[in-house]
Amino acid sequence: MLGFLLKRLAGLIPVCLGVLIIVAFMIHLVPGDPVDAILGDYASLEDKQALRSALGLDQPLLHQLGSYVGHVAQGDLGQSLIYQKPVTELLIERIPATVQLAICSLLVALAISIPLGVISAVKAGTAVDYVAMTFAVSGVAIPTFWLGPLLILLFAVHLGWLPVSERADWSSFVLPSLSMGTALAAALSRMTRNSMLDTMKEDFVRTARAKGCSEFSVIMNHTFRNASLPLVTVIGLQFGVLLTGAIVTERIFDWPGLGSLLIEGINTRDYPVVQGCVLLFSGSYLFVNLITDLTYSLVDPRIRLSS
Amino acid sequence: MNRLARLCLLGLVAHTALGSQPSFSAGRTKLTLALEDSVRTFDPRQSVDANSQYVEDLVHCSLITFDAEGHSVPGIAAALPRWIKDDTLEISLRDGLRFSDGSPLTAQDVSATYQSLLTGRGLARSGSFATLSSIKVKDQKTLEFRLKEPDASFITNLVVGILPAKSAQEKLIDPLKLPTCGPYRLKSIDINTIVLEKNPQYSGSDAPKLELLELKIVKNEKTRFAKLQTGEIDLVQNSISRDTVKAIEKKNPRLSVIRRPGLKTTYLGFNLRDPLTGSLAVREAIAYAIQKQEIIDIILGGMATPANTLLPTQSPFYDSSLKPRTQDLERAKKILDAAGFPMKGEARFELSFKTTTDITRISVAKAIASQLKKVGIKVKVEPMEWGRFKQDVDAGRVQLWSLNWVGFKDPDIYRHAFATDSFPPNGANRGWYTNPALDTLLKKGRSTNNREERVNIYKEIQQLVDKDLPYVFLWHEDNFAVVNRGLQGFTLFADGRYASLRQAYFQ
């Protein structure tokens, strides 16, 4: 177990380094000048050059990159060009909002998808199944940029039950979580249904019934537990997506998370912020995958990670 | 299960009843307004973006400021600065000036603030003080600004928020600890919310009536609209689409829409180094082919005034004698025929029109393209991301483009936009227009302190530019705001500042 963990952790380093180099090259290739964004249109050429030099932007790209990687290795993600604050500080400010939203969205998705998928599998081929799967297809098809404003219109503007946006008390989490969680719920419910249907055909399910287990116990303890292994993989991957893919939702709901910071960084060509965000995104994705792998052994003790 | 659902519903209703929605009722002392983008800095020496300057105007005080029309008026100066020599300004401060911590504001603080801009490379607003040579403190209340050369436009730069002398020496300042001298002071700064509270030490005669101002950063337009409807915000200025404004005017009794002419001039730019757009005949034909009012009515919801010069009509330098080029398709066709651009099949020639990805800008570009088609000019509209667009325009990789000039107070903007020595990257003469006679007039207009003389010079400048047509000036956009109907005393300023919030209150 420990060997497996160390091996996987060591594997993260070259991946992160690769991501770092690709992102740094790409952001520098995008047209636009951060100095213009900082100094505005009326700045003199001398001032622009002085600032460019102070920020190290007049150095060759490879030099800039080398220096950046060196600093990152020491835990320093650099200074935001626009906010003049350490990037680490900006990221730390935003991480809780993104993680909270991702967890809430995942909970919403699980709360909807697991009962829906299980019921749909148990009632396969009936009206209940068709209704559930219609929801699943619709959920995948409805984009967040459409669903988000629709939820705002219904629950905030017309009914007045919930606030429009912003991160404040519990009520502010409802709409963004629903908005993000619905698409995931739809995908997960389809997967739960399929996995359940496959498992229900297994011999051990028939044996459980023959032993006289209650139908609930057969479904939940025998079938669902065995059907949940592929779900864990998908949930793990999707949690990574939720952490990194909340850009649209954050924009619609004024969510002060990493997605909105990344967009701001791109718009203002704040290179260190963009690099810091992408590095964090890729790191968190890899970390979630690692956790997913570790979870396998908990769900299915037959799996031994050391092998 | 039913019980649980009922409980949840009850919870939601209770939450609503307990005040999740702000009240529209009278007597409120807190106002919430929405900004469409972040406030990048709270250091007045660094604020070059609009939102930072709006906050600066509420939190800091400055030597001069501008009235609702955009004309210079004294701020903490006792009167407008006086030219004692061609290159020297004298300024006296008002009595009883104080920072929010109660310490007196003196000429030393003013001097230190501007001195830091003079010596501090990398401070964003240093560029505006390129002609400043030295600052002398004559006594506790009087200062002298000496320039390297006469520069009449310099006065309009004296709007930088004044810092305590000690803070002005620091490159990075902590905004929450910084003593300030404006009507409000910073109370808290969050990622999406900035709260300002009344400054009890404010010495101006226009002390604010509202105790708290809450500035919310709401980047999505639909969300801003929804927040206006629910009463979560009381005021949005300019950052709502014109279609939405129309809907609000018709349907929402809780909100009202106010508007006034603004200091924003939209133009169609030409690259004069391009063989086609470099031809005066082509530019003239384009000017005669455009029906500005039609675009204003359809795309801008009528919220603009057709322009024929860079300066808005309320500017004292505006030349009212200029004759506007109104749409005359036959004349445009004749000009093109005479200049050797006959019809070849469906069009005479094709031009590229680069614009940003902003929906209104794309609509305007498409409308202009369709109008130019009527005289045989085919236009390919190319929307692009801002960074790429600006890079292409600055590098001259354009034929037609559209942008606007915002918030300028002095006609010296003509030098920045049209002087030969303002070619990028030195300035914003992005059409590479050059006219030695204009250059001479621009220098004269800048170095003359006599107001009447300047008015005449800039009228001559406007006529020259109108003749050479480096731009087709399209329109001066109105400022507009959607406000909670209960808010009284709020008026729009031409430059978009929120200065009138000092007088605002809820009825």
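This is a predicted model: local features need pLDDT of at least 70, side-chain atom pairs count only at pLDDT 80 or more; totals for chains, interfaces and linings use all residues.
**Within chain B**

The domain assignment divides chain B into domain 1 (32-36 + 182-261 + 479-506), domain 2 (50-168) and domain 3 (264-478). The centres of domain 2 of chain B and domain 3 of chain B, taken over C-alpha atoms, lie 34 Å apart, and 14 residues of domain 2 of chain B touch eleven residues of domain 3 of chain B. Two salt bridges are found across this interface of domain 2 and domain 3 of chain B, and on the side of domain 2 of chain B that touches domain 3 of chain B there are four nonpolar, five polar and five charged residues.

**Between the chains**

The contact between the two chains draws 44 residues from chain B and 43 residues from chain A. Four salt bridges are counted between chain B and chain A, and the elements that give two or more residues to the side of chain B that touches chain A include α1 (2-20), β10 (212-217) and α5 (221-230) of chain B. That side of chain B, where it touches chain A, is made up of 15 nonpolar, 19 polar and ten charged residues.

**Two salt bridges**

B:E149 forms a salt bridge with B:R446, with the closest N and O atoms 4.0 Å apart, while A:E166 forms a salt bridge with B:K216, where the closest N and O atoms are 2.6 Å apart.

Conventions:
Residues are numbered from 1 along each chain as its sequence is written. Chains are lettered from A and ligands numbered from 1 in the order in which they are written. Side-chain values use heavy atoms; hydrogens and water are left out. Domain bounds come from an automatic or database domain assignment. Contact means heavy atoms within 4.5 Å. A salt bridge is a side-chain nitrogen of Lys or Arg within 4 Å of a carboxyl oxygen of Asp or Glu. Ala, Val, Leu, Ile, Met, Phe, Trp, Tyr, Cys and Pro count as nonpolar, Asp, Glu, Lys and Arg as charged, and the others, Gly among them, as polar. Helices (H or I, at least four residues) and strands (E, at least two) are DSSP runs, numbered from the N terminus.
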